[in-house]
Amino acid sequence: MIYLDNAATSPVRRAVLERMWPYLTEEFGNPSSTHEYGRQAALALTHARERVARVFGCRPAEVVFTSGGTEADNLAIIGVALAAPRGRHIVTTPIEHEAVIESCGYLQRQHRFDVTLVDVDADGLVDADELGRALRPDTTLVSVMYANNEVGTVQPIRRIAQLARASGARMHTDAVQAAGWLPLDVGALGVDALAISGHKLGAPKGIGALYLRRGMPVEATLHGGGQERGRRSGTENVAGAVGLAEALELAEAARPRSADRIAELRDAFIDRVLAEVPGARLTGHRRLRLPANASFCFPGTSGEAVLLDLERRGIICSSGSACAAGRDEPSHVLVAMGMGAELAQTAVRFTLSETTTADELATTVVALTDSVAGLSGHPSAAS
């Protein structure tokens, strides 16, 4: 099988599993315990936090381990918004991950927050100046994803963060898809909160991390024993934190060369699909996109039918966000980009990894060409 659904999840790296193994077996202590087992677990957690902080370019105390990207986004949005005295206005976009959209919706329903959605263009790109005009004296938080999980468009986060902070608002970015492909230095980005998820990087599912700027008030969304400096209660997932730190460091070390290599493969793949697959339309920005993302619509087909046919041919991909799989509605991201519902339901997303090869992508183009031609009733470009 050729696996091209890495934005949904990735296999655990062997080096990550080996680093985790002792904390799943003999070093199994609770880091809150005062005996030797607990002290060893606490030390491992400290080292993992330091390693994540080095990639973020922040202090270790500014790193909060969570159960994943969804919890990290929830804590950043709900926790920061409820703790901030500035006001009850949030600025975000209509193409955010469900974890952000639903967190904002919760604040609207339960705490009477006002949420402004800043439109994106046909490529899924936010106009920073338009977002700046949406800021108000009572804006307490701006949340814009670093890179979109469906179409791969990369947002001007530095500029948006500058505008947000100049207005007195806090800036959060969901960097779950960006991690491993784009720089995560929070100082350079200018953000106050940044979320990542381990299973997109080769760590297990069930572990994530959130950067929270020092001194920024945050209301805990999980209550209990006060772990993570009172910001996230619950016994820490020591093995998961160790694995996340290992995966993040490995990805960051490889990023300078792997991002460029994969972007070249992606561009060649996009060019071939547009040239050879009947009616293919690229979604997302042609240049400002994640190195590993190639997403398309195929008019006259069903995205789900294309997926099933490609899987029969040995190729695994997706129709968009795995978190929205199985729903009948068209992608909220594509609709927000101005696409009609019928066309949006023909979407297919291919997401590469650093191990993806040119031969695998060449095989995929041939299979995709035959699949779309058969399902749409149109001859392929090669016919």
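**Close-up 1. Burial of Phe 269 and Phe 296 in the predicted model.** Both Phe 269 and Phe 296 are buried, a label that stands for under 20% relative accessible area with a 1.4 Å probe and protein chains only, whereas exposed means over 50% and partly exposed lies in between. This is a predicted model, in which local features need pLDDT of at least 70 and side-chain atom pairs count only at pLDDT 80 or more, while totals for chains, interfaces and linings use all residues. Residues are numbered from 1 along each chain as its sequence is written, and side-chain values use heavy atoms, with hydrogens and water left out.

**Close-up 2. The aromatic pair of Phe 269 and Phe 296.** Five aromatic pairs occur in the structure, the rings of Phe, Tyr and Trp (its six-membered ring) being paired if their centres lie within 6.5 Å, and counted as stacked with planes under 30 degrees apart, edge-to-face over 60 and tilted for the rest. Phe 269 and Phe 296 make an edge-to-face pair, with 6.1 Å centre to centre and 75° between the planes. Because Phe 269 belongs to helix H8 (residues 238-276) and Phe 296 to strand S10, the pair ties together parts that are 27 residues apart in sequence. Helices (H or I, at least four residues) and strands (E, at least two) are DSSP runs, numbered from the N terminus. One aromatic cluster is formed by Phe 269, Phe 296, Phe 298 and Phe 350.

**Close-up 3. Pairing of strands S10 and S12.** Strand S10 (residues 293-297) pairs with S12 in the antiparallel sense over five bridges, where pairing requires that DSSP finds at least two bridges between two strands. Within this pairing, Phe 296 stands opposite Val 348 in S12.
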